[in-house]
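Q: Could you walk me through reading cavities, ring pairs and backbone angles in a model? I'd like the general idea, then the case at hand.

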Amino acid sequence: MIEGPETMFLGGLFIVRKRTLSAATSFAVLVSSAALVAGTAAPAAADSVVPLGVGSMGDMVVDGVHQRLYFSDTYSNRVVVTDFAGAFVKAIDNLPYVRDLDLSADSGTVYAALQNADKLVAIDTAQLAVTAEYPTGEGTKPSTVESADGRLWFGYGENWDSELGSVDLTTAEPTVSLALSAGADWSSTPTLRTDPAAPGTLVAADGHISSGPIVVYDTASGTPVIRTRTERDGFVKDIEIAPDGKSVVAADRVTSLTRLSLTDLSELEHFPVSWSAESVAVAPDGTVAGGTWDRDDVGDLFVFAGGSAAPASVRDTQSWLPYGRMEWAPDSTRLFVPVQQPGQSAYALRIYTSPKHHTSSVTVKVPATVAVLKPLTVSGTVASTLPPPAGTPLTVTRYDAEFPRGKPLGTRPLGANGAFAFADTPLAAGNVTYRVTYAGDATHIGASGTAVVNVTPFKTALTLDRNRLTVNYGTSVTYTASLGWTYRNRVVEIWADPYGAEPRRLLKRGTVNSAGKLSVTTKMTRDTWVTAIFAGDTRSGWAKAGSTVYTKAGLTTSLSRHYKWSKIGTIWYQTYHQSTDVLVTAWNNPYPGRKAKVELQVWYAGAWRSGATDYVSLTSGGMAYVNLDANGAEGVRARLRTAYVDTESGDNVNTTVYGGWKYFNVTR
């Protein structure tokens, strides 16, 4: 667009480009050319995992009287105290390289071995503070401790210089005795165990040598005497005296989990576990729990509530189990297991609330897809380390669009080998979920499984008329949607989505009439994509039908400032003095950046010849004004029209429309 006035003379007709009112345009009369120039988708066990904030697990003891747990955090030189839910209670600091812990028989004291301080300490369980210290001698480095019969037994030293010592608490001044191994040779400080059920007995095991020595000492005299000894030919990582006072259960990396006689350490029973045993805990009621390396991903925690002859309930902790670190609650109902979870540096506490129950899992299978009202088969299995018997009832619930909270389908019996199968007919389309639940029993934890089938609906017929209709700007058009059979829903929505930057809008939402029809009338201002939408129902499918109606742009053109009308032949002309500008006023329905196409032709040599074409920017109201300077154009006959041309006028929201010719001539 030229910003200032410019005068051009061609063929005797002067056209002056002027900016008048809000817009200006340019014309040139090209009488010598007729060419137009175009414009540019339930955990099985009830357990929990809580963080402990313990970076290095030395040992753990359980205080049933005060309902507390004690954890030695070796590298942090502290003992962390929690409640039975794993919630932090207190940290007892300044305990250099604290290792082993033991709880006194009266639950009044926790004894701790401080390897880097050459002493044992007593922690009062009421005050949760250190109340006594028992130095064991410079360089002794005590790392294991066990209390019984008024004495503290401790393992001390390093490597093959390891030994057994004691602190006599029955004297006025505690007395320390060293080198009490009585001929046993330790490759490292031995693990020590005592139990009130076996008075005068101390069991020691070496977990750092493959021969796996275990020694039973008679301590009734205060001086250990070897009662019996054996070698297990495997690293004995943990050992526990059973509550019967007659046996011990050893966890080693070769023979795994074995009960031994306290009398002669002969084998009494073998507990089958998956692989190398790392830890053992014997509950007050005699239940044996063993932790293993989970080499085959078949579980790493085995609980034998019925002895070795009964299958173990198995858990997969999905963590690393530190050897020798698991304990039962005094009531034998809970099992506390420190774990180091993958990707975590600090330890967490896994609390099993039903460790003696066998876990179960329910697998449910259904077809990937099925048509509504067509039968299908639901099948699956109930798996457990102790399989439930055939005939066990399973509760079945179906969840669908009609029953989102579930519709009970009754019970189905468990078949042979833990399998089940039954038929059902889904009554609603969409994703339908079948939940099969095993309630559990006195020895099993319940479980449930789900499977989802995609139920396809009946196809819905929906049409919309008026497709590819072309109308003038401002024309009212009635659209009619026709809906075929549906199950329940008879509501249709009709939406208009005009071309360009105008939001999609709802024209009508309503229930179709008895003939399945819904109509709406709207005034058309742009090319518009109109859609009818049926949302579907529980058996009828979603449907959509579209119709594109093309709307010509709104257009008016007028000439003004003429002094009379003249009829030439059969055509009426607006006649101008050559001293008067021809004012062209044009309008299109407005749209940002839109331009009106203006065409000028002149009568020359007995025919209309193309004179000029230009695109004129519109105001925000859609107006354009053009001045034609007729000075010196005496005798010229011309005609002019405006148009909107799809895309070429700057947008594509309307359909092309040309206005009628406006005729004018110039006289003196």
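Predicted model: local features only at pLDDT ≥ 70, side-chain atom pairs only at ≥ 80, totals over all residues.

Q: By class, what does the lining of the second largest cavity have?
A: The classes go like this: Ala, Val, Leu, Ile, Met, Phe, Trp, Tyr, Cys and Pro are nonpolar, Asp, Glu, Lys and Arg are charged, and the others, Gly among them, are polar. Here the lining of the second largest cavity has 4 nonpolar, 3 polar and 4 charged residues. Among those residues are Ala 496, Glu 502, Arg 505, Lys 523 and Thr 528. Residues are numbered from 1 along each chain as its sequence is written, and side-chain values use heavy atoms, with hydrogens and water left out.

Q: What volume does the second largest cavity have, and which elements give two or more residues to its lining?
A: On a 1 Å grid over the protein atoms alone, a cavity is a set of points where a 1.4 Å probe fits but cannot get out; a pocket is an open set with protein on both sides within 12 Å along at least five of seven lines; lining residues have an atom within 4 Å of a point. Points are joined across faces, edges and corners, and the volume is the space filled by probe spheres set on them. For the second largest cavity that comes to about 60 Å³. Strand E44 (491-498), strand E46 (517-523) and strand E47 (528-534) each give two or more residues to the lining of the second largest cavity. Those labels are DSSP runs numbered from the N terminus, with helices (H or I) of at least four residues and strands (E) of at least two.

Q: How much space lies in the largest pocket, and which residues are closest to its centre?
A: The largest pocket holds about 1,000 Å³ of space. Of the 41 residues lining the largest pocket, the closest to its centre are Asp 102, Leu 103, Thr 194, Asp 195 and Pro 196. By class, that lining has 23 nonpolar, 8 polar and 10 charged residues. Several strands supply at least two residues each, including E10 (98-103) and E22 (236-241), while E6 gives the largest share, 5 residues.

Q: On to rings: how many aromatic pairs does the structure hold?
A: Rings of Phe, Tyr and Trp (its six-membered ring) pair if their centres lie within 6.5 Å; planes under 30 degrees apart are stacked, over 60 edge-to-face, and the rest tilted. The structure holds 11 aromatic pairs. The rings of Tyr 75 and Tyr 97 have centres 5.8 Å apart and planes at 40°, so that pair is tilted. Tyr 75 is in the loop between strand E7 (68-73) and strand E8 (78-83), and Tyr 97 is in the loop between strand E9 (88-92) and E10, so the pair ties together parts 22 residues apart in sequence.

Q: Which kind of pair do Tyr 473 and Trp 587 make?
A: Their ring centres are 6.0 Å apart and their planes at 70°, so the pair is edge-to-face. Tyr 473 sits in the loop between strand E42 (469-471) and strand E43 (476-483) and Trp 587 in strand E52 (residues 582-588), so to speak distant parts of the chain, 114 residues apart. Tyr 473 is partly exposed at 33%, and Trp 587 is partly exposed at 24%. Ring pairs also link Tyr 573, Trp 603, Trp 608 and Tyr 663 into a cluster.

Q: Which charges sit over rings?
A: The test is NZ of Lys or CZ of Arg within 6 Å of the ring centre and within 35 degrees of the ring normal. The charged end of Arg 412 sits over the ring of Phe 422, 4.9 Å from its centre. Arg 504 lies over the face of Trp 495, at 3.9 Å from the ring centre.

Q: Which residues other than glycine have a positive phi?
A: Most residues other than glycine have a negative phi. Ser 107 has a positive phi, near 60°, and Leu 265 has one of about 60°. Ser 107 lies in the loop between E10 and strand E11 (109-114) and is buried at 9%. Leu 265 is found in the loop between strand E24 (257-261) and strand E25 (267-271), where Leu 265 is buried at 3%.

Notes: Buried < 20%, exposed > 50% of the residue type's maximum accessible area, 1.4 Å probe, protein only.
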